[in-house]
Amino acid sequence: IPEPELKAEEKGAEEEHPRESDNKHISIQRHLADLEKLADLSEGEFPTTTSQNTDLCVTGERKPCPLCPEEKFKACYSHKLHRHLQNLHWKVSVEFEGYRMCICHLSCRPVKPNLVGDQTLSKMGAHYHCIICSATIVRRTDMIGHINRHVNKGETESRFITARAPKSSYEVVKESATDVQVLPNHSTPQKTDSYFNPKMKLNRQLIFCALAVFAGERKPIECLDAFGATGIMGLQWAKHLRSSVKVTINDCNENSVAMIKENCHLNKMKVKLNIKEEDDDETVGNGEENSDTIEVTKMDANVVMHLRSFDFIHLDPFGTSVNYLDSAFRNVRNLGIVSLTSTDISSLYAKAQHVAQRHYGCNIVRTEYYKELAARTVIAAVTRAAARCNKGIEVLLAVALEHFVLVVVRVLRGPTPADDSARKVRYLIHCQWCEERVFQKEGNMMEENPYQQLPCDCHGSMPGKTAVLLGPLWSGSLFNTGFLRRMLLEAVKYGLDEAQPLLKTLVCESECTTLKHFSTHSPGDENKQGKRKSEEVLRGTAKRQRAEHSAEHPPFYYNIHRHSIKGMNMPKLNKFLSYLSEAGYRVSRTHFDPMGVRTSAPLAQFKAILMKYSTPTYVGAQAEGPVHLPGETQVGEELPAAAAIKVEEAELAEDDMSGVFTSMFTQPYPTHCAD
C-alpha cells in the first residue's frame with residue numbers, strides 16, 4: 001500500500017474514533033472484532049501503560065485470549081476463541097457511549113489469598129476497568145452504578161478528566177431574587193457534588209435575617225459560608241446586603257467550586273480566588289464592573305477557619321457539625337456570630353441514641369419535648385467547644401423543625417463568660433411515667449438523691465424505675481427577644497414571607513405571650529407605606545412588651561394531647577391558653593410542637609386546669625361547662641361569671657388573630673411538626 005494512502009487511512013481512523021489514542025485498558029473496545037484483533041498482536045505491540053497478558057505470543061494457528069491468563073484459558077483455534085470472547089467477555093460487558101467495558105481476568109487487580117496463603121487466580125480476580133477513572137470494579141451491577149455516578153456528576157471524559165456536564169443539562173433555580181444553576185439530581189446529596197435542597201429555604205431566610213441584623217451593628221463584616229455547594233446562601237448575602245458584608249464561600253469539592261464561580265457570574269458578581277488571585281480580566285454585565293466581589297476558596301472547612309478570622313460563620317455540613325466547632329470558635333472575633341445547621345435528626349431526635357452519645361456525649365430518650373431536647377443538646381456541644389477556647393456564648397436563636405436544627409449564638413471572649421456559659425450545662429431529671437422534668441440543681445450529686453428533685457411522686461411508688469438522667473443539656477434561654485424582633489423587622493423589609501410567621505411565633509415564645517399583639521395583615525403583600533406602618537407597629541409593640549416581660553421563658557413545654565383525659569373532650573387550644581393565663585401562669589404556644597404549650601405552671605396544675613375545663617363525651621352528660629373537680633384538688637381562684645363571659649367574647653377576636661399562627665403550619669416550607 002502506498003505510504004500516502006496509509007497515512008490517510010490512519011488519519012480517518014483517528015477522526016472516526018477520537019478516543020482510540022487514549023491510554024485506555026485493552027478490555028475497553030468498540031467492536032468484538034477489535035477484541036479479536038488483540039489476539040494477533042505480539043507482546044511488544046501492546047501499550048506500555050496497560051495490563052498485558054505475557055503469554056500472547058502466537059504459535060502456529062492457535063491464538064490465546066487477550067483478557068485471560070494462560071492458566072485460565074489456553075491458546076486455541078480462531079473459531080473457539082471467537083465463542084470464548086463473545087460468551088465470556090462481550091455479552092457481560094458494560095456499555096458507555098459506544099464503548100464496551102469487557103470483563104477482565106488478568107492480574108491487574110489484587111486477589112485475596114486463599115486459606116493456604118498463596119494468591120491464586122480465581123473467579124474473584126475477574127473485574128471491569130472504568131473508562132472514566134480507570135478504577136477496577138468486581139461486580140457488573142456495581143460497575144453500572146459506578147458509571148451512573150460519573151454521569152450524574154457530569155464526568156463523561158475518560159482518564160481522570162472531570163469534564164462538566166453541558167450547560168443545556170443545568171437547571172436554573174431562583175430563590176429570593178438569586179439565580180443558581182443546579183444539576184438535575186441536585187436534591188440527592190449522595191449523587192451530586194452541588195447539593196441544593198429547596199426545603200431548606202426557611203433555614204436560609206432565618207440565617208439571612210440574623211446576618212442582616214448583625215450587619216446593622218458593625219460594618220463591614222467578614223462572613224463565611226463554609227459549605228457552599230451551589231453558593232446560593234453566600235450569593236444572597238452579597239446581593240442584598242451589598243457593601244455591608246465581605247462574603248467568602250468555601251467548598252472542598254472542585255466541581256462545586258466551579259459551579260459557585262458560574263453562579264457568581266450569573267448574578268453579576270465578581271469572583272476573587274484564593275485570597276490572592278482575582279478575576280480582573282472578566283467583565284460583569286454589559287461592559288460594566290460591579291463593585292460586589294465574592295471570594296471563593298477551595299479548602300477544607302477546618303483549614304479555612306484556622307487560617308483566617310471571621311465575624312460571621314455559618315456551618316451547614318451534611319450531618320453533624322460537631323467536627324467543625326473547635327475550628328469555628330478558634331478564630332471567630334469577639335462579639336461575632338456562629339450559626340450552625342445540624343441535619344443529623346435521627347440522632348438528635350433520639351432515634352439513634354448511641355449516635356447522639358458518640359457525637360454529642362449526651363444521653364437522650366424520646367420524650368414529648370424531643371425537639372427542644374435536640375436544640376439544647378446542640379447548644380451544650382457548642383458551649384463546651386467555645387469554653388475550650390476561653391469563650392462564652394449567648395444564644396440568639398434555636399429552631400428545631402422536621403429537617404434540621406438551627407442554632408445561632410453570639411461569641412463572648414474571656415474566661416468569665418466561658419465559666420458562666422459552662423455552668424448552664426446541666427443534667428435533666430426526667431420522669432418516664434408522667435413526663436415531668438426538672439433541671440438538676442447545682443452542687444454535689446452525692447449530697448442528695450437527684451431523683452428526689454422531681455415534683456412528682458412517681459419515684460416514691462416505683463423508686464429507681466421511672467426517673468432517668470438526660471444530658472448534659474443547655475439549661476439557659478433559647479431565644480434573645482430583642483434580636484428576634486430585629487430579625488422580624490429585617491424579614492418584613494426584604495419580603496421574606498416564609499420567615500415572618502415563624503419569627504412572630506418565636507418572639508411570642510421568647511416572651512411567653514400570645515399573638516394578639518401582632519397585626520393580622522401580611523406585611524409581604526403591602527406596599528412600602530404599608531410596610532412602614534407595620535414596622536412602626538412592631539416597634540411600638542416591642543417597647544410595650546419589653547417592660548411587661550423581663551423574665552426568661554420557661555424551659556420545655558407540654559403537649560395537650562399527651563396529657564388529655566380519656567373519655568373527656570379537651571377545650572380548644574386558644575381557650576386553654578386563656579384559662580392558664582387567667583390562673584396567673586405565663587403561657588404561650590411553641591414552634592417545636594403545634595399542640596405544645598409552654599407555660600410556667602407545673603405539670604400537676606396543668607393537668608388540673610385541663611381536667612377542669614374538659615367535658616365528658618358520653619351521651620346524656622353535661623353538654624358544656626367545666627367539670628367540677630373533687631374537693632381535695634385546688635386549681636386556684638375560680639373565675640367570676642362576668643369574667644368568664646368576657647373571656648368568651650374575647651375568644652372570637654383571638655380566633656381571628658390566631659390565623660397568623662395557624663398559617664405558620666400551612667406554609668409551603670417543610671412540615672416541621674409532622675412528627
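## Helix α8 and Leu307

Leu307 is found in helix α8; helices (H or I, at least four residues) and strands (E, at least two) are DSSP runs, numbered from the N terminus. The model is predicted: local features need pLDDT of at least 70, side-chain atom pairs count only at pLDDT 80 or more, and totals for chains, interfaces and linings use all residues. Residues are numbered from 1 along each chain as its sequence is written, and side-chain values use heavy atoms, with hydrogens and water left out.

Leu307 is exposed, at a relative accessible area of 59%. Here buried means under 20% relative accessible area, exposed over 50%, and partly exposed in between (1.4 Å probe, protein chains only). Leaving aside neighbours within four places in sequence, Leu307 is in contact with Met299 and Asn331, where contact means heavy atoms within 4.5 Å. The C-alpha atoms of Leu307 and Ser327 are 9.6 Å apart in space, and the two residues are 20 apart in sequence.

The structure holds 20 salt bridges. A salt bridge is a side-chain nitrogen of Lys or Arg within 4 Å of a carboxyl oxygen of Asp or Glu. Side chains of opposite charge can pair when their charged atoms come close.

Arg218 forms a salt bridge with Asp311, with 2.9 Å between the closest N and O atoms. This pair links distant parts of the chain, 93 residues apart: Arg218 is in the loop between α5 (201-215) and β8 (221-225), and Asp311 in the loop between α8 (301-307) and β13 (312-315). Arg218 is partly exposed, with a relative accessible area of 24%, whereas Asp311 is buried, at 5%.

A salt bridge also joins the side chains of Glu222 and Arg333, at 3.8 Å from N to O. Glu222 lies in strand β8 and Arg333 in the loop between α9 (325-331) and β14 (337-342), so the pair ties together parts that are 111 residues apart in sequence. Glu222 is partly exposed, at 21% relative accessibility, and Arg333 is partly exposed, with a relative accessible area of 29%. Arg218, Glu222, Glu295, Arg308, Asp311 and Arg333 are linked in a network of salt bridges.

## Helix α5

Helix α5 has 15 residues, and 14 of these 15 are buried, which leaves the helix mostly covered. From first C-alpha to last, α5 reaches 21 Å, close to the 21 Å expected at 1.5 Å a residue. The expected span of a helix is 1.5 Å times one less than its number of residues.

## Strand β23 and its partners

The side chains of Glu509 and Arg598 meet in a salt bridge of 2.7 Å, N to O. Glu509 lies in helix α16 (residues 499-511) and Arg598 in strand β23 (residues 593-599), so this pair ties together parts that are 89 residues apart in sequence. Both Glu509 and Arg598 are buried. Strand β23 as a whole is mostly covered, with six of its seven residues buried.

Strand β22 (residues 587-590) and β23 run antiparallel and are joined by four bridges; two strands pair if DSSP finds at least two bridges between them. With two residues between them, β22 and β23 form a hairpin. Thr590 has Asp593 in β23 as its bridge partner. Strand β20 (residues 558-559) also pairs with β23 in the antiparallel sense, over two bridges. Opposite Tyr558 stands Val597 in β23.

## Cysteines

The structure holds zero disulfides. A disulfide is a covalent bond between the sulfur atoms of two cysteines, taken here as a pair of cysteine sulfur atoms within 2.5 Å. The cysteine sulfur closest to that of Cys133 is in Cys130, at 3.7 Å, too far for a bond. Cys133 is buried, with a relative accessible area of 17%, whereas Cys252 is exposed, at 54%.

## Ser421 in helix α13

Ser421 is found in helix α13 (residues 415-422). Its relative accessible area is 5%, and Ser421 is buried. Not counting residues up to four places away in sequence, Ser421 touches Thr383, Gly392, Ile393 and Trp474.
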